Amino acid sequence: TRPVLTTLLVSPKAFLQGGFSSGLMRDNLRTTVGFPTTEPYTATTTYTHSGSGGGETIPVSLLGATGTPANDLVDWVFVQLHRSSDGAVVATRSVLIERDGDLFDLDGTNTKTNFVNFAGEVAGSYYISIRHRNHLGIRSAGLLTLSRTATTSIGADFTTSLASALAVTGTPTTNNAMATLPGVLLYGLCCGNARINTPFNFVSYTGSSNDQQALLNIGLGGNKSATINSYSIYDLNLNGVVSYTGSSNDQALLLNIVLGGNKSLILYQAPF
């Protein structure tokens with residue numbers, strides 16, 4: 001249903017810390033109750049679509065296994081195109097991320113493409129950023145030269161170098177722009193941002209507007225023993241279950257993995 005517009009192509013790659021396990025991200029969400037076939041970001045007040053973005057849909061068939069596990073979808077992500085002169089967002093797209101970190105868009109026939117298409121924008125130099133509903137976002141550190149006829153991947157692969165992402169600056173500065181993933185020298189978006197519809201770009205366990213209380217008091221209604229099987233922002237490890245205690249619970253991921261066991265630590269998103 002998109003207008004016929006000129007293409008502008010980029011092929012980003014990223015990992016989501018919450019879903020990362022043994023070299024790939026888990027794909028539990030695609031079979032979870034409530035997984036949306038229409039992008040979830042338009043309905044979230046802290047995400048604003050522009051350009052040709054907004055209202056993206058996928059056919060139910062894409063929720064099935066592909067036969068190549070690395071290519072199975074994980075979740076929706078929100079990608080922004082930033083103007084080179086001042087970093088302002090000029091276009092957005094809601095697209096899908098696969099287990100190996102590749103992002104894919106759809107063409108006019110609901111066929112997966114190995115790029116994000118910011119249709120209608122002119123070729124040139126841009127920054128791009130990737131956001132996810134319960135992770136801190138990242139933006140490219142350098143400008144990417146995007147064209148209408150070929151995809152750009154150099155500088156858009158955020159998985160292998162911290163330098164690819166815009167650094168966290170300001171006071172206090174306590175963290176890198178991305179999380180270091182376990183077992184391998186890879187990086188990903190920092191997990192733990194469970195405060196839906198709030199503008200806070202940090203992850204914390206205690207203090208004002210912290211994520212642990214959002215998980216417990218809002219996500220689970222104050223019941224530490226409760227579990228909820230659904231597509232939810234409070235499902236920090238992206239396994240389809242929201243839980244505070246027990247096996248593979250979200251509170252332990254937040255405290256022990258994301259914050260390294262330090263309840264006083266606050267992780268910040270780079271300013272963009």
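What you have open is a predicted model, in which local features need pLDDT of at least 70, side-chain atom pairs count only at pLDDT 80 or more, and totals for chains, interfaces and linings use all residues. Residues are numbered from 1 along each chain as its sequence is written, and side-chain values use heavy atoms, with hydrogens and water left out.

Start by selecting F15 and F20. Their rings pair up edge-to-face, 5.0 Å centre to centre with 70° between the planes. (Rings of Phe, Tyr and Trp, the last by its six-membered ring, pair if their centres lie within 6.5 Å; planes under 30 degrees apart are stacked, over 60 edge-to-face, the rest tilted.) Are these two buried or exposed? F15 is buried at 4% relative accessible area, and F20 is buried too, at 7%. (Buried means under 20% relative accessible area, exposed over 50%, partly exposed in between, with a 1.4 Å probe and protein chains only.)

Next, pick F35 and Y231. Their ring centres are 5.3 Å apart and the planes stand at 75°, so this pair is edge-to-face. The two residues sit 196 residues apart and link distant parts of the chain. F35 is buried at 8%, and so is Y231, at 16%.

Now show Y41, Y47 and F78, which form one aromatic cluster.

Then go to R139, which lies over the face of Y127, 3.7 Å from the ring centre. (That takes NZ of Lys or CZ of Arg within 6 Å of the ring centre and within 35 degrees of the ring normal.) Over at F202, the charged end of R195 sits above the ring, 4.5 Å from its centre.

Technical notes. Helices (H or I, at least four residues) and strands (E, at least two) are DSSP runs, numbered from the N terminus.
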